[in-house]
Amino acid sequence: MYFCPMNIEHFLSESISSIINELFCLTSSVNEIILQKTKKEFEGDYTLVTFPYIKASKTSPEKTGELIGEQLLKNNTSITKFNVVKGFLNFTLSNNFWLSEFKTISHQENYGIKPAKSSGKQIMLEYSSPNTNKPLHLGHVRNNLLGYSVATINKTQGHDVIKVNLVNDRGIHICKSMLAWQLFGNGETPQSSGMKGDHLVGKYYVIFDKEYKKQVQTLIEAGTSKDDAEKKAPIMLQTQEMLLKWESSDKEIIDLWKMMNGWVYDGFAISYNKLGVDFDKIYYESNTYLLGKEVVQDGLAKGVFYKKDNGSICIDLTKDGLDEKVVLRSDGTSVYITQDMGTAIERFKEFPTISQMIYTVGNEQDYHFKVLFKILEKLGYAWAKECYHLSYGMVELPEGKMKSREGTVVDADDLMDGMIATAKETTEESGKVTNFTEEEKEQLYNTIGMGALKYFILKVDPKKKMLFDPKESIDLHGNTGPFIQYAHARIKSILRDYNNTTDITISDNITLHEKEKELIKIQYDFAKILEEAANTYNPAVVANYTYELAKLFNQFYNECSVLKEENKEIKQFRIKLIETTANIIKNGMLCLGVNVPERM
RNA sequence: GGUCCCGUAGCUCAGCUGGAUAGAGCAACAGCCUUCUAAGCUGUGGGCCAUUGGUUCGAAUCCAAUCGGGAUCACCA
């Protein structure tokens, strides 16, 4: 059974609301009371801003604060003192109040995390969605980490999250790699070349592009216009021919397609595994790209769509602040949004119990999803308002945007390997792993390297574009994943020395050290942080929280000794306090897909 | 041109459902290891929160305009 410690803010607000109502003849409700945590420079735990009440109190902000403060003190034994600075009433909760809060927190194995599937809400979350013509790069890394993390965070709220991947495995761009391999590959395979499958296919995609440019140039030199040359380059015509063959299920082409996609999937499996992401279901566009055509007919009958003179079918969204959008070409074939409509409808049919659909896709497609959701709404699907575009900003490099054609993309595999290598280097220098086995060492390097990478990316608000500076990303100091992992390892080291933490009962006679109280307060926040992160689809909230927690622990560690504390009751309390801290650090980091080591 | 997003310390980012003297990390400088892991802790310097106006007792936060940067507006995906 999950239970929350007493909701402090709610209990205080209730008390304050009844006081000001009585004192100033107001009829405020609990929700209108705005409480905030007292700033560090002032004494107190919580602060009430009294400016809003000076009209009713007909006196100064200071006096108003005094009046409320005196009443609070009288009515609540858990409030021990207060002070007023201008319009701010700061009051302090008793030692035992915080101690009892801590007991509630520490008695739960996973404070703040609700049991799996306990909320009754089911969410489908799509992320990753790679193309099978090239390996994953830094942009995909942000997508994957974000999707996985948001899924994990939503699970902590008791939601049932179905993680899905929609693989773009067909189309003209896939044929480009296939054709280039056919023309220039000489039968090269991942086995024969020792190259990872997705990289091998990506290599031919690049080769295609080079050859294509060359042919276009030749045509231009022969007097063809640029536009014509780009359309008529032989290799491009061949590609289009190949796509037609694919669509008519030509056996040779299908076999080639299956073989090369198989290479790519083998490669992706390795990258996904290293990234630590997984899926409950994988969709392939080769199976879904024809979906949505019946829906277009349906919408036409309903009058949502209309047919233009040239035969194409459109929707007019100008009244909704959007434009006119084609949903079916004049030759009757689908456009991209057609299959997105069909796929969404199909998913809600296949999983009738899902109440929300989240798409993890970059913000360059903001407009696309606005249109998609609007169309679904107009078609009359009630769940359309539960569709959410988890839009994230682009990842940029110090030298600017990544351009695959200019070879400035950061490859996901190289990136991960580089991070792990750096972790290895730094760890070896520290000389802390001399008694580790080889397997333990490898695992630790992996944990630290991937922890650094994941934290670096997830600590930034997903909505914002982010700069990826390789030099900065491999830093293991300060606001980084390894900093937090280190705090965890330090705690575990103490707990190992202490041995048995299970039969500790926390004494009621402990005077809290300042840092101990701060630790309890921040631990208490964890449940709310998870809720907020889930509601706003924002792993950065959890990342920044976990960093604050680790930083606070380090301060505590510096000021208070645990094992050398002579008072047995304090020592036992501190053991429990750091045990809970480690647990929250671990659970917070797991929300980001980051593991924490026992030793480092 | 229309629509949308973003401008906070030298750099990377928090803070944005309005509240006290705007916070971290990196970089720079100065301290702290015979004491539970120094991947740590403490301190110093560094800011017209892009600009201007408005709303308010109170604006980095809300509104408008301007400037600067980006995305998008295909019978592409």
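A polar side-chain atom of Tyr 547 lies 3.2 Å from a sugar or linking oxygen of RNA strand B, a polar contact in the sense of a pair of N or O atoms within 3.5 Å; within protein, one must be able to donate a hydrogen and the other to accept it, and residues adjacent in sequence count only if both atoms are side-chain atoms. This is a predicted model, in which local features need pLDDT of at least 70 and side-chain atom pairs count only at pLDDT 80 or more, while totals for chains, interfaces and linings use all residues. Residues are numbered from 1 along each chain as its sequence is written, chains are lettered from A and ligands numbered from 1 in the order in which they are written, and side-chain values use heavy atoms, with hydrogens and water left out.

**Surface near RNA strand B**

- The elements giving two or more residues to the surface near RNA strand B are strands S2 (46-49), S4 (88-93) and S15 (466-467) and helices H15 (366-378), H19 (481-498) and H21 (539-559). Helices (H or I, at least four residues) and strands (E, at least two) are DSSP runs, numbered from the N terminus.
- RNA strand B is surrounded by 60 residues, the closest being Phe 88, Asn 310, Lys 401, Lys 432 and Tyr 486. A residue is near a molecule or strand if one of its heavy atoms lies within 4 Å of it.
- These residues divide into 25 nonpolar, 18 polar and 17 charged. Here Ala, Val, Leu, Ile, Met, Phe, Trp, Tyr, Cys and Pro count as nonpolar, Asp, Glu, Lys and Arg as charged, and the others, Gly among them, as polar.
- Sugar or phosphate accounts for 65% of the atoms of RNA strand B within 4 Å of the protein, and bases for the rest.
- A polar backbone atom of Asp 461 is 2.8 Å from a phosphate oxygen of RNA strand B.
- A polar backbone atom of Leu 467 is also 2.8 Å from a phosphate oxygen of RNA strand B.

**Chain A overall**

- Chain A has 22 helices and 15 strands, and its C-alpha trace spans about 90 × 65 × 45 Å along its principal axes.
- Of its 600 residues, 53% count as buried. Buried means under 20% relative accessible area, exposed over 50%, and partly exposed in between (1.4 Å probe, protein chains only).
- Among contacts in chain A with a separation of 6 or more, 74% are between residues 24 or more positions apart. Contact means heavy atoms within 4.5 Å.

**Strand pairing**

- S3 (residues 79-85) and S4 pair in the antiparallel sense over six bridges. Two strands pair if DSSP finds at least two bridges between them.
- S3 and S4 form a hairpin with two residues between them, and Lys 86 in the turn has a positive phi of about 50°. Val 85 stands opposite Phe 88 in S4.
- An open sheet of three strands has the order S14-S13-S15, with mixed pairing. Its edge strands are S14 (400-401) and S15, each pairing on one side only.
- S13 (residues 395-397) pairs with S14 in the antiparallel sense over two bridges, and Leu 397 has Gly 400 in S14 as its bridge partner.
- Another open sheet of three strands has the order S8-S9-S10, with antiparallel pairing. S8 (306-307) and S10 (324-328) stand at its edges with a single partner strand each, so one side of each is left without a neighbour in the sheet.
- S8 and S9 (residues 313-316) run antiparallel and are joined by two bridges; Lys 307 stands opposite Ile 313 in S9.

- H4 (residues 95-106) has 12 residues and reaches 16 Å from its first C-alpha to its last, close to the 16 Å expected at 1.5 Å a residue. The expected span is 1.5 Å times one less than the number of residues.
- Buried residues of H4 include Phe 97, Trp 98, Glu 101 and Lys 103.
- The buried residues of H4 pack against H1 (8-24), S2, S4, H20 (514-536) and H22 (568-591).
- Ile 522 is in H20 and is buried, with a relative accessible area of 12%.
- Not counting residues up to four places away in sequence, Ile 522 touches Tyr 545, Glu 548, Leu 549 and Leu 552.

**Positive phi in loops**

- Asn 186 has a phi near 50° and lies in the loop between H6 (172-184) and H7 (190-193). Asn 186 is exposed, with a relative accessible area of 78%.
- Tyr 537 has a phi near 55° and is found in the loop between H20 and H21. Tyr 537 is buried, with a relative accessible area of 12%.
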